[in-house]
Structure formats: structure tokens, C-alpha cells
Amino acid sequence: NGALRGLVLLAALTLAACHGPQNILDPAGKQAQDIDVVWRTMLVVCGLMYLLVMAFLGSALWRARRKPSDDALPIQSRTAAEGVLDRTLTGWIGLIVTGLIVLVSVSFLVDRSLADVGPDPLRIKVTANQWWWDVEYQGQGPSERVLTANELRLPVGRPAVVELHANDVIHSFWVPNLSGKTDLIPGRVNFITLTPTRTGAFRGQCAEFCGLEHAKMAFDVQVTSPQEFEAWRRSQLARAADPTGPLEIQGKQIFNGKACAMCHRVQGTDAGAGIGPDLTHLKSRATIAAGTLPNTRGDLQAWVADPQGVKPGTTMPRVPLTASELNAVVAYLETLR
Ligand code: CUA
């Protein structure tokens, strides 16, 4: 019974890690598949080496166990022993060199493959901030520029070159299902290429400790068909529609009159600051506060009412609002689709 329970636990532990939106063992991109080849090769080469060493150690212990003849004086035969030693050493050196050659070759080939961007890449600029992601799609000219935050939309099969910047400290950009990590360093520009091979929802996470809310610095990754991506891009290019309901109109006035518009941008309105995330199409996103909360009305309300309670240390201050003002502001934010 205990053995069965152990087996079930082991199976659960091993299988649980095989799928999921944030998993290096479930590659959904060309670069992640390349990296997967390296780690599988390392697992096989190092695993075989380990098993061999353990087998030799076991056999040495077995042969060296105490025998009745141990009390007699040993028979000296140096030359025979040296011959065995020579052959064993040659064998081990051969094995190690072969293993290293396999590892170096695979690593070299994968490195070359990772450096190969592929044709017609999509250009995206990502800027890391404590603790959120500013995302900009560079199109043909300023009118084609899409600004968003804490989300990445990618068409399946097309390479995307992501230009990585940082505004304050070092962060690290990591979508485990799509590729490895690349640091975002203040004063420096890094690049990472992502070529998704299947559609799906994935999760990106900051992978370099960057302060109190490092853990709550995530982003959503949506890989869709090229048609869906184009539809999304078009919808993001459109300016925010003017609210029509009286509550929403009041909310917009409060948003622009109180501190909100001092940090946030809603394109096509008086709110034009780029300090915090762009909110033009806030409601088209899956989460708020960099993956901290689902994007529901209740969570949005909780976040605006008390940012420090949800994400202590966040740059977003608590703006004093009465209950009815809060209600109006959230109603306005809900129109930003
Ligand atoms: Cu940004 Cu950790």
C-alpha cells in the first residue's frame, strides 16, 4: 500500500511538470525546441556517465568485500595489475572525450540555430520597469505603432524579434515555453527571437530578482493564427471610443482630473503620460497589475482602491477616491476595450 502510494506520488510529481503555460519541458517555439535538444542530450550523456560510474563503484565494492583468503598474504603481480589499469584509463578517457565532443557539437549547432532569426520578423520593443512590462509593436510609421503592457501577442509561425530595454534595474525576460532567458539591462539593448510553433496561452515571468515585487512581474503571451493577430493589431490601433453612459463619462472626468492621468496614457484623450502602463485597450487584456490579478471588474476595483494592499511597493499610489468616484472610474476603465 505504501509502495503504491509512493508510485502514485512519483507519477504525479513527474507528470505534473510536463504541461502548462510556463514550462521549459513543453516547448511551443522553435527556440525552446532547440534548447530542449541541448538539455535532452545533456541528460542522456550525463545520465549514462553517472550510471557507468555507479556500476563501476558497485562492482569495485563488491570485489573488495572481505573474503576468508584476506588473512593470507596477497600474491604480488604488479605487471598484470598495471595492464588492467592502463586499459581502464584509456577506456574512461575515451568515454569522457566522446561525451564532451557530443555536448560541444550539440551546443555549437543549437547556438547557430538560435542566432538564425528567419524571414520577415515582427519587431517588438519591450521595456522592463519595477514591476511591469511596457510593450510596443513597431509598424510602418508612428500611425502603425501599437502600445500595450504586460502582454505579448504573437502570430504562430512568424519570428518575432524582441528588443529588450530596462528603465531602472536589471530584469530578465523569460517565456519558458518559447525560449530561454535574456536580461534587460539599463543603458543596453538586448535582443531575443521568439518563433512560436503552435497557438496557445503562455506565461512570461521576470527571471532576475529586481526588488520586492519581482514575483509579481509576469505577462500574458497569446499565440494566435496570423489572421487573429492581425485583427488584434487593427483593434489596438483604433483609439479608445468615447464613453456614452453618464457614469462612464463622469469616470473619465475623474480619471483625467485626479492623479490617474498624471501617469497613464489613454490614446485619443487628455491622458497622455507614459510613466505607467498604457491603458487605451486595458479591457482587452487577460490580467492586470502585470499578471497579478485577473482582469475582472471586482479585481480592477480592488486594485484601483488599494494598489499597495494588492502589490506592496508598487509605483502606483493610492488615489483617494470616494466609493462612488471609484465606481465611476472603474466603469470608465471597463469601456477601454
Ligand atoms: Cu523584474 Cu524581476
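This is a predicted model: local features need pLDDT of at least 70, side-chain atom pairs count only at pLDDT 80 or more; totals for chains, interfaces and linings use all residues.

Author: Domain 1 covers 21-52 + 95-237, and domain 2 covers 246-334. To their contact, domain 1 gives 20 residues and domain 2 gives 17 residues. On the side of domain 1 that touches domain 2, at least two residues each come from strand 2 (132-137), strand 3 (146-149), strand 10 (218-224) and helix 4 (226-237), and the residues of that side divide into nine nonpolar, six polar and five charged.

The loop between strand 1 (122-129) and strand 2 holds Trp131, which is joined to Gln130 by a cis peptide bond with an omega of about 5 degrees. In the loop between strand 3 and strand 4 (151-155) sits Asn150, whose phi is positive, about 55 degrees, although Asn150 is not a glycine. Such features stand out because most residues other than glycine have a negative phi, and most peptide bonds are trans. Asn150 is buried, since 23 other C-beta atoms lie within 10 Å and 20 or more count as buried.

Within domain 2 (246-334), the axes of helix 5 (residues 246-257) and helix 9 (residues 323-334) come within 7 Å and cross at roughly 100 degrees, so helix 5 is roughly perpendicular to helix 9. The residues of this contact divide into seven nonpolar, two polar and three charged, including Leu247 and Phe255 in helix 5 and Val329 and Tyr332 in helix 9.

Methods:
Residues are numbered from 1 along each chain as its sequence is written. Axes are lines fitted to C-alpha atoms, for helices over the stretch in contact, and angles run from 0 to 180 degrees between N-to-C directions. Helices (H or I, at least four residues) and strands (E, at least two) are DSSP runs, numbered from the N terminus. Angles under 35 degrees count as roughly parallel, over 145 as roughly antiparallel, 65 to 115 as roughly perpendicular and the rest as oblique. Two residues are in contact if their C-beta atoms, placed from the backbone, lie within 7 Å. Ala, Val, Leu, Ile, Met, Phe, Trp, Tyr, Cys and Pro count as nonpolar, Asp, Glu, Lys and Arg as charged, and the others, Gly among them, as polar. Domain bounds come from an automatic or database domain assignment. A residue is buried if 20 or more other C-beta atoms lie within 10 Å of its own, exposed if 12 or fewer, and partly exposed in between; C-beta atoms are placed from the backbone.
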